[in-house]
Amino acid sequence: MAEAIVSAILPELAAIAIQNAREEWRLVTGVEKEVERLKSNLKAIQCELEDAEEKQFVNKRVQYWLDRFKQVSYDIEDVLDDWKTALHKLQTDGVETSSVKRRKVWPLSSYFSFGTQVARRHDIATRIKEINEELDEIAKDRVRIELIKSEIKQPNRSESTSFVHVSQILGRDEIKEKIISKLLSGPSEEGGCNNIPTITVVGMGGMGKTALSQLIYNDHRIQTHFENKIWVCVSDPFDQRQIAREILGGLNSGSTNLQNPISLESLLNEIREKIEGKKFFFVLDDVWSDRDQDWEPLKAAFQYGMPGSWILVTTRKESVARQMDLSHVFPLKQLPDEMCWSIIAQIAFTGENSDRRGNLEDIGREIAKKCKGLPLAAKTLGDLLRDKQRREEWQNVLSSEIWKSDFAQDIFQPLLLSYYDLPSTIRRCLLYCAIFQKDYRIRKDELIQRWMAQGYLTSADNFGRELEGEGYFKFLAARSFFQDFDNDADGNIRSCKMHDMVHEFVQFLTKYEFVTEKDVHLTLDLSYKKPRHLRLVAGPKGFPMSINSTEKLRSLVVVSLPDNGITNEALQNLFSQSKRLRLLELRLLLQGAEGICCEIGKLIHLRYLCLIDCTDIKYLPEALCELRNLQSLIIRFCPLLKKLPVGIGNLINLRYLSIERCRSVTYYPKGIGKLTSLMRLNRIIVRADRNDAEELSIGDLQHLDLLAGKIYVELEGDAIDGDEAKRAKLHNKIHLKQMYISISPGIKEDEVVQALNPPSNLSVEIVDNQEDWIFRTIIVPLQSGQLGRLKTVISVYLLFTENCKINAYMKFRVSWFMPPHHHFPQSFHHQREDTAKDIVY
């Protein structure tokens with residue numbers, strides 16, 4: 001992760017040097033020298049970062065060194081953000097160039113009177129100098145801990161073989177039989193390697209892909225069915241000659257081409273001769289490469305085998321499966337807890353009598369749940385428990401934070417291999433997912449916005465950062481870091497989850513940067529942790545009135561229970577300290593807080609603001625419009641929110657504006673028409689009958705040419721003004737694909753389409769008017785035993801038509817909104833009352 005930070009910082013430093021060289025931007029004296037010194041220090045350290053990140057898990061001194069460097073790297077990013085914000089403020093506030101020329105040393109304290117070092121009114125040059133002094137010490141220390149430039153991009157991989165103790169492999173009988181049945185079937189007309197079909201077993205590290213393949217390879221039916229059977233551990237880096245030599249060695253151990261330096265062509269020719277007209281079965285285990293140029297020569301040689309031959313590939317990457325043969329892909333899923341317990345017991349009680357097992361089984365079954373379905377985790381836990389005889393020792397394993405101990409490295413080793421196979425820029429994106437709680441459903445678009453807020457996406461092109469994030473997401477999904485995908489009607493991924501073991505893994509790697517605090521008291525002290533990203537879950541004792549050591553926080557996610565909200569006073573205390581926040585998410589029911597406090601306007605580094613389930617909020621302060629770096633504003637399930645700030649047009653960098661289930665918002669302010677950077681706008685209310693002085697009109701969309709995807713438009717008024725509709729210039733919205741329009745009874749559908757005159761690439765659909773739905777909030781306490789297995793108090797929001805009586809014959813809609821830290825019982829989804837037409841949770 002540190003390597004990715006440095007890679008992002010160096011271009012920013014170069015930009016500073018260029019800007020400072022221009023007379024009109026010469027804000028700080030002496031900055032050139034310090035910037036060059038900073039660049040030199042970073043480049044010198046960058047060479048050793050890869051080596052340090054690999055060694056940190058086995059060398060505490062290296063881990064300490066790397067943590068120090070990460071902290072300094074964050075400080076550098078903060079300085080650069082201060083610089084860019086200062087320049088941007090000068091530009092947008094209209095400071096005249098001549099006045100800047102007359103005073104070349106501009107007191108940045110006039111712009112920055114906040115933050116840790118900034119609060120002491122140091123200018124940027126002084127802060128960079130202080131950082132350089134710290135970097136000097138870090139650079140000296142790297143010599144003492146003997147860091148070297150790393151040539152190996154990942155830990156050494158153990159080589160797999162075809163040998164296996166069959167009795168120790170549990171839980172894979174069903175998929176084993178399916179694959180063997182496929183292998184024993186007649187010649188297939190489908191071919192992944194030209195004429196030779198390929199079966200691909202895909203799954204995350206530790207899932208048991210190699211063990212399953214060993215079971216299949218050693219099955220007596222396979223041994224007698226194929227004339228030639230070869231097992232090759234491919235691993236990484238992909239070496240065509242080595243793979244060819246291993247295949248040839250299995251076919252002909254006496255070949256003279258096995259040791260002598262010889263061309264790939266000669267090796268493949270001999271393989272072709274050996275397999276021609278024969279039925280073979282090759283297992284290519286642990287494949288990582290999905291490049292055509294790596295596989296094409298081997299495919300060409302394999303096609304000479306007899307029909308009925310097969311290749312079995314194991315991989316963690318779906319892209320490898322696509323390269324091979326999509327028609328024969330077998331995803332390997334996690335084992336049930338019962339099977340994990342069987343694996344643990346088999347290893348832990350080897351040769352033991354049944355009395356000891358009976359005494360420990362209840363604890364052992366609880367320990368098995370920690371495996372999260374991974375056979376490797378169950379095996380490792382079994383090894384750990386084998387020498388523990390007493391019940392107290394097993395209880396210690398169950399109750400300890402086992403995933404944060406050194407033992408966790410044994411379980412996480414397969415995931416470390418996948419992790420180090422990622423480019424450094426994608427690693428930090430994966431690690432950021434430590435901010436989520438377990439089993440959280442991650443919205444893909446919002447995850448990309450979070451990465452953008454942290455500066456992980458750096459493209460300067462329109463939609464460049466979004467496309468970059470989309471590519472990163474697909475890269476991680478293809479390597480099994482994400483799962484449980486939810487797709488839209490077009491097959492695009494909308495949301496996903498992380499496997500619990502992957503979640504534990506990213507938290508293990510980021511335990512010093514990402515912190516979760518639960519059930520906190522009135523005061524929370526984080527000085528001993530110094531986190532950069534904090535997830536705070538307020539429990540029955542309420543939300544803390546003061547939190548220490550939040551000055552350098554980058555992310556803050558606050559979740560509160562329905563009965564213990566957070567007040568404006570607590571928010572004001574929090575915002576007054578956390579001036580470095582780039583991401584703020586409030587998931588809570590505010591008690592006695594009619595609006596977000598004005599202190600939020602001082603969070604000038606904020607890029608991402610999300611308010612969810614804030615049921616007491618009636619307004620957002622105009623101070624929010626001072627957040628000129630804000631890129632994403634997401635407001636969801638805030639039923640009493642009446643309006644958006646009038647000055648919202650000042651948020652000139654806003655790219656995403658999502659207002660969802662906020663039915664008290666009856667109009668949008670005029671300033672939204674100035675947000676020319678907007679790319680996504682899920683819902684909008686516009687006047688169709690006139691160009692209003694305060695409310696947004698349909699014509700005000702004229703400059704929002706970057707709008708993309710889908711948009712829901714509610715047209716206000718009993719008529720449509722043709723000139724206003726024409727002014728919207730829909731023909732310039734080339735990225736917009738679908739527009740759903742709700743109209744008042746006085747407007748005819750054909751008039752809308754004719755007036756807007758949408759281009760052929762824009763699909764326009766007139767939908768039912770939703771304004772006959774009146775939004776009302778009813779708090780219903782549901783105690784244990786009510787409504788199936790529901791165990792917690794929730795809020796029930798009813799949407800129903802005016803004058804509608806709630807009975808079995810009238811139409812109404814029920815929406816259940818659970819606090820994000822609770823789980824909705826799956827069975828309740830199917831226990832719908834006859835009157836509930838649509839349940840959303």
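Hi everyone. When I say that two residues touch, or are in contact, I mean that they have heavy atoms within 4.5 Å. Please keep in mind as well that this is a predicted model.

With that in hand, let's start at Arg727, which belongs to helix 23. What does Arg727 touch, leaving aside residues up to four places away in sequence? The answer is Asn691, Gly699, Asp700 and Gln702. Arg727 has a relative accessible area of 21%, so this residue is partly exposed. If you look at C-alpha atoms, those of Arg727 and Ile698 are separated by 7.8 Å, although the two residues are 29 apart along the chain.

Helix 23, covering residues 722–727, also holds Glu724. Is Glu724 buried or exposed? Glu724 is buried, since its relative accessible area is 5%, and buried here means under 20%. Not counting residues up to four places away in sequence, Glu724 touches Arg690, Asn691, Ser697, Ile698, Gly699 and Asp700.

Let me step back to the whole chain for a moment. The protein chain has 24 helices and 26 strands. Of its 841 residues, 55% are buried. Among contacts with a separation of 6 or more, 71% come from residues 24 or more positions apart.

Next, a helix pair. Helix 18, residues 424–431, packs against helix 20, residues 464–478, at an angle of about 80 degrees, and their axes are 10 Å apart. That angle is why helix 18 counts as roughly perpendicular to helix 20. On the helix 18 side, the contact is made by Thr425, Ile426, Cys429 and Leu430, while helix 20 brings in Tyr472, Phe475 and Leu476. Sorted by class, this contact has six nonpolar residues, one polar residue and no charged ones.

The structure holds 16 aromatic pairs. One of them joins Phe280 and Phe282: the ring centres are 4.1 Å apart and the planes are at 25 degrees, so this pair is stacked. Phe280 and Phe282 are both buried. Tyr432 and Tyr456 make an edge-to-face pair, because their planes are at 80 degrees, with centres 6.1 Å apart. Where do these two tyrosines, Tyr432 and Tyr456, lie? Tyr432 is in the loop between helix 18 and strand 6, and Tyr456 is in the loop between helix 19 and helix 20, so the pair ties together parts that are 24 residues apart in sequence. Both Tyr432 and Tyr456 are buried. There is also a cluster, in which ring pairs link Tyr217, Phe226, Trp231 and Phe281.

Two arginines sit over rings, too. The charged end of Arg427 is over the ring of Tyr419, 5.5 Å from its centre. Arg272 lies over the face of Tyr304, and there the distance from the ring centre is 5.4 Å.

My last stop is Leu374, in the loop between helix 14 and helix 15. Its relative accessibility is 2%, so Leu374 counts as buried. Not counting residues up to four places away in sequence, Leu374 touches Met204, Gly205, Gly206, Met207, Cys340, His499 and Met501. Lys333 is 41 residues from Leu374 along the chain, and their C-alpha atoms are separated by 8.7 Å.

Definitions and conventions
Residues numbered from 1 in each chain as written. Predicted model: local features only at pLDDT ≥ 70, side-chain atom pairs only at ≥ 80, totals over all residues. Heavy atoms only, no water. Axes fitted to C-alpha atoms, helices over the stretch in contact; angles between N-to-C directions. Helix = DSSP H or I, 4+ residues; strand = E, 2+ residues; numbered from the N terminus. Parallel < 35°, antiparallel > 145°, perpendicular 65-115°, else oblique. Nonpolar A, V, L, I, M, F, W, Y, C, P; charged D, E, K, R; others polar. Buried < 20%, exposed > 50% of the residue type's maximum accessible area, 1.4 Å probe, protein only. Phe/Tyr/Trp six-rings, centres within 6.5 Å; stacked < 30°, edge-to-face > 60°. Lys NZ or Arg CZ within 6 Å of the ring centre and 35° of its normal.
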